[in-house]
Amino acid sequence: MKQRFPHLFAPRVQSASGGWSLCVSLFFLLLIDTAFAAERPNILWLIAEDFSPDLGCYGTKEVSTPNLDRLAEEGVRYTRFFTTAPVCSASRSAFMTGMFQTTIGAHNHRSHRDDGYRLPDGVRVITDWMRDAGYFTANLRELPEHFGFSGTGKTDWNFTYDSKPFDSDRWNDLQGHRPFLAQINFQETHRAFHAPKHADPAKVVIPPYYPDHPVTREDWAKYLDAATELDRKIGLILKQLDADGLSADTIVIFTADHGQAHVRGKQFCYDSGLRVPLIIRWPKDFPTPKQIQPNTVDDRLLMSLDLAPTMLDIAGARKPEKMQGEIFLGDRAAPPRKYVFGARDRCDETVFRFRTVRTDRYRYIHNFTPERPFLQKNDYKERSYPVWNLLKELDAQGQLTPLQKFLTAPTMPPEELYDEIADPYETVNLATSPEHQKVLVELRSVVDRWIDESNDQGRQLEPPELAAAKGATKANSDPNSGSTQKAKKAKKKAAADFK
């Protein structure tokens with residue numbers, strides 16, 4: 001505000017009429033502030049959990065997603081959008097700050113829940129920056145009653161946050177507080193799946209690294225049914241946005257916190273764990289950036305870190321000095337990326353250390369813990385992923401293909417290299433291919449440089465006793481605490497502030 005209207009902030013000389021002058025100044029300041037607010041769009045940020053681009057508009061069969069398909073027709077569908085971690089807390093810590101989780105010490109899943117760890121100086125969550133820019137912020141749990149569901153209010157950050165990250169959790173507060181940045185978080189595509197049946201297990205397309213087995217097909221169909229239910233709920237939200245007169249001045253962003261809830265997806269650094277959908281619809285009442293045209297596809301390499309600085313630019317604010325994400329819309333958009341990066345560290349009690357880079361053609365993975373098996377013990381996956389246990393059973397019976405046995409091998413390769421054009425399922429490791437040594441050496445160097453330049457905090461693994469405790473540092477601590485907003489506290493505060 002001060003930068004846009006500097007004359008309003010100049011020192012004033014006191015006079016006999018100073019009181020009157022101050023009143024007039026405040027009146028005009030209010031008018032200009034209201035006009036400035038009207039110049040900037042609202043942002044509605046829809047975040048699915050554990051979900052790859054498994055929508056009709058991305059070519060997936062046996063899923064019914066008419067609402068998100070229509071959103072893509074009205075906006076832009078991005079095909080190379082990646083999170084920086086394949087698990088929720090590390091990924092959310094990153095995209096909510098615009099910083100690599102490995103840089104800010106938030107790389108181990110559900111870490112720092114009981115030790116008071118704070119973000120580094122100069123790093124804040126995006127809602128703090130947006131609030132400074134004049135935006136009302138919300139993580140919506142309380143939705144219109146006729147919806148029949150609530151938002152999850154998920155935050156799941158690997159750092160201690162003492163302030164108020166959101167102004168409200170109530171949909172009804174949006175109408176009177178504009179411009180706003182509001183999230184709605186959805187659980188549907190996170191296990192356990194609980195959606196009505198739609199997909200035919202006999203018709204779903206199973207990746208070749210999974211056994212073509214009734215258990216696999218049934219599990220995959222349930223995942224797609226969850227996506228169908230997610231789409232139904234998003235349809236209600238978009239309809240309400242219209243009914244409330246908000247569509248014409250609200251940017252709608254749909255994405256996910258990381259990739260699909262399947263054995264080789266979540267917690268692993270393949271495309272299935274890091275590539276997620278991104279759909280953006282621009283409102284008709286605001287000038288459209290040159291990068292946005294309805295019903296188009298954008299193939300640029302983008303990272304989830306890029307959302308934070310892009311939102312700030314939309315808000316008319318500068319990108320913070322330390323923020324590692326890049327603006328990708330508007331006149332200040334950065335040049336297209338050549339590389340996007342990802343990392344996986346401890347998840348639950350299971351320790352791996354992967355670092356990866358993706359180009360428009362290749363994915364390279366450096367495995368710093370190659371002596372450990374892919375199916376290293378993990379209580380969560382053993383309990384929740386039926387194909388995890390099926391792989392072990394079929395392997396014992398000698399019924400897996402060589403490709404599927406990669407998942408049950410006692411060790412993993414130290415390096416992996418995949419041609420994403422020729423091999424989109426990432427099944428042929430080219431790390432030992434003579435024809436690909438130049439690419440391998442180049443991307444190995446790129447990852448090494450990124451680790452150094454980004455000050456990767458994961459170069460030393462957690463102590464074994466901390467990993468065994470799933471990140472808890474105190475007796476009786478629950479590492480899963482702090483994954484959502486505290487509903488009662490947020491609701492009580494919202495009622496007091498905005499009634």
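**Figure 1. Phe 254 and its bridge partner in E8.** Phe 254 has Ile 279 as its bridge partner in E8. Both belong to a predicted model, in which local features need pLDDT of at least 70 and side-chain atom pairs count only at pLDDT 80 or more, while totals for chains, interfaces and linings use all residues. Numbering starts from 1 along each chain as its sequence is written, and side-chain values use heavy atoms, with hydrogens and water left out. Strand E7 (residues 250–256) and strand E8 (residues 278–281) pair in the antiparallel sense over four bridges; pairing here takes at least two DSSP bridges between two strands. Strands are DSSP runs of E with at least two residues, helices are runs of H or I with at least four, and numbering goes from the N terminus. Thr 255 stands opposite Leu 278 in E8.

**Figure 2. E8 from its other partner, E2.** E2 and E8 run antiparallel and are joined by three bridges. Tyr 78 has Leu 278 in E8 as its bridge partner. Is E8 covered on one face or on both? Both: Leu 278 and Ile 280 are buried on one side, Ile 279 and Arg 281 on the other. Buried means under 20% relative accessible area, exposed means over 50% and partly exposed is in between, with a 1.4 Å probe and protein chains only.

**Figure 3. The open sheet, strand by strand.** Eight strands make up this open sheet, in the order E5-E4-E6-E1-E7-E8-E2-E9, with mixed pairing. Strand E5 (168–170) and strand E9 (296–298) are the edges, each pairing on one side only. Neighbouring strands of the sheet are turned by 20 degrees against each other on average, direction ignored; the axes are lines fitted to C-alpha atoms (for helices, over the stretch in contact), with angles from 0 to 180 degrees between N-to-C directions.

Figure 4. Not counting residues up to four places away in sequence, Trp 45 touches partners including Phe 95, Ile 126, Leu 181, Ile 253, Thr 255 and Met 311; contact means heavy atoms within 4.5 Å.

**Figure 5. Helix H2 under cover.** In helix H2 (residues 66–74), Asn 67, Leu 68, Asp 69, Leu 71 and Ala 72 are buried. What covers them includes strand E2 (76–78), H5, E7 and E8.

Figure 6. The structure holds 23 aromatic pairs. Rings of Phe, Tyr and Trp (its six-membered ring) pair if their centres lie within 6.5 Å; planes under 30 degrees apart count as stacked, over 60 as edge-to-face and the rest as tilted. Phe 100 and Phe 341 are edge-to-face, at 6.4 Å centre to centre with 80 degrees between the planes. Phe 100 lies in the loop between helix H3 (88–95) and helix H4 (126–132), and Phe 341 in strand E11 (residues 340–344), 241 residues apart. Phe 100 counts as buried because its relative accessibility is 7%, and Phe 341 does so at 12%. Phe 268 and Phe 374 are stacked, at 3.9 Å centre to centre with 10 degrees between the planes. Phe 268 sits in the loop between E7 and helix H6 (271–274), Phe 374 in the loop between strand E13 (362–367) and helix H8 (379–384), 106 residues apart. Phe 268 and Phe 374 are buried as well.

Figure 7. Which residues do ring pairs link into a cluster here? Phe 51, Phe 193, Tyr 209, Tyr 210, Trp 220, Tyr 223 and Tyr 425. The charged end of Arg 264 sits over the ring of Tyr 209, 4.3 Å from its centre, and over the ring of Tyr 270, 3.8 Å from its centre. For a charge to sit over a ring, NZ of Lys or CZ of Arg must be within 6 Å of the ring centre and within 35 degrees of the ring normal.

**Figure 8. Ser 454 in its loop.** Ser 454 is in the loop between helix H11 (437–453) and helix H12 (464–468). Why does Ser 454 count as buried? Because its relative accessible area is 6%. Leaving aside neighbours within four places in sequence, Ser 454 is in contact with Phe 100, Thr 103 and Gln 324.
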